[in-house]
Amino acid sequence: MEEQKHVCARCGNEFVSETDYVNHDCNVTGVKPSDPVSMGPAYEVIQAKALERGAARAEQ
Amino acid sequence: MAATVEIDEANTVSETLSHGISDTDMGTADSATVDPVANPVIPGSNTYEKYQKIHVTNMGGSSKIDNLRVWRTGSLGGAATHKTNARTTSYAGAATYATPVTTTSSYTQTMPTSEPGSANLGIGGSLSGSLTSTGSSDYLVHQIQTNASDTAGSTSTMNYEYDETA
């Protein structure tokens, strides 16, 4: 079986490991995939809503 | 700071993982970037199964990601159905990756068309699982199964939701 490849769906670059993918500087987003900006223009809303849901469940 | 999350899709026999997909293209090619116009489904046939997962690339100082919910909003064309392994009860554990096929999926749960009342995609094989460091959910497997009388494709929205604990 071929070795698994990791492809950045934004810039198309291929990597031999997930770690290499996460640490690359994407020339489309301008940031690494570990940077929240890579989630797109609504990233702050996405993060805020996820934290709201988590906090609400913790209170239950 | 908060977690950074993306959706990944696996394709081909070698489980090539496309990270950070921006849409889900379903048709008759096993690719994360299928052109459904160039690769249409013959009425009565199925799309390739999709294997996707929620990937946390950075916890951003948060302590936990859990409660994964997946659903579709918007109608399918004709009498098509959308089947998945995502389910809130009788979850069968983490789906094992297999080369995607167009034969009828072994997963028979109908994809929810509104937000499920509880988690329907697991982490570590369990709906109550969580991520406390970077990592991925179980595979979400789904497939659209068309009816012989269907004549047109459709566009709808896949929703992926998670809870985050600071």
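**Notes on a pocket and some salt bridges**

1. Let's start with one residue: B:D163 counts as buried, at 2% relative accessibility (buried means under 20% relative accessible area, exposed over 50%, partly exposed in between, with a 1.4 Å probe and protein chains only). Before going on, note that this is a predicted model, where local features need pLDDT of at least 70, side-chain atom pairs count only at pLDDT 80 or more, and totals for chains, interfaces and linings use all residues. Residues are numbered from 1 along each chain as its sequence is written, chains are lettered from A in the order in which they are written, and side-chain values use heavy atoms, with hydrogens and water left out.

2. What does B:D163 pair with? Its salt-bridge partner is A:R53, with the closest N and O atoms 3.1 Å apart (a salt bridge is a side-chain nitrogen of Lys or Arg within 4 Å of a carboxyl oxygen of Asp or Glu). B:D163 sits in strand β10 of chain B and A:R53 in helix α2 of chain A, so this pair joins two chains. Helices (H or I, at least four residues) and strands (E, at least two) are DSSP runs, numbered from the N terminus. A:R53 counts as partly exposed, at 24% relative accessibility.

3. Next comes a pair within chain B: B:E9 and B:K50 form a salt bridge, with 2.7 Å between the closest N and O atoms. B:E9 is in strand β1 and B:K50 in strand β3 (residues 50-58), so to speak distant parts of the chain, 41 residues apart. Buried or exposed? Both B:E9 and B:K50 are buried.4. B:E115 and B:R69 also meet through their side chains in a salt bridge (3.3 Å, N to O). This one links distant parts of the chain, 46 residues apart: B:E115 is in the loop between β6 (109-110) and β7 (130-131) of chain B, and B:R69 is in strand β4 (residues 64-73). B:E115 is partly exposed, with a relative accessible area of 38%, while B:R69 is buried at 13%.

5. Salt bridges that share partners tie A:R53, A:R57, B:K64, B:D66, B:E161 and B:D163 into one network. Over all chains, the whole structure has ten salt bridges.

6. Now the largest pocket, which holds about 1200 Å³ of space. On a 1 Å grid over the protein atoms alone, a pocket is an open set of points where a 1.4 Å probe fits, with protein on both sides within 12 Å along at least five of seven lines; lining residues have an atom within 4 Å of a point. The lining has 43 residues, and B:D23, B:T24, B:D25, B:S156 and B:M158 lie nearest the centre. β10(B) gives the largest share of that lining, five residues.

How values were computed: Grid points are joined across faces, edges and corners, and a volume is the space filled by probe spheres set on the points.
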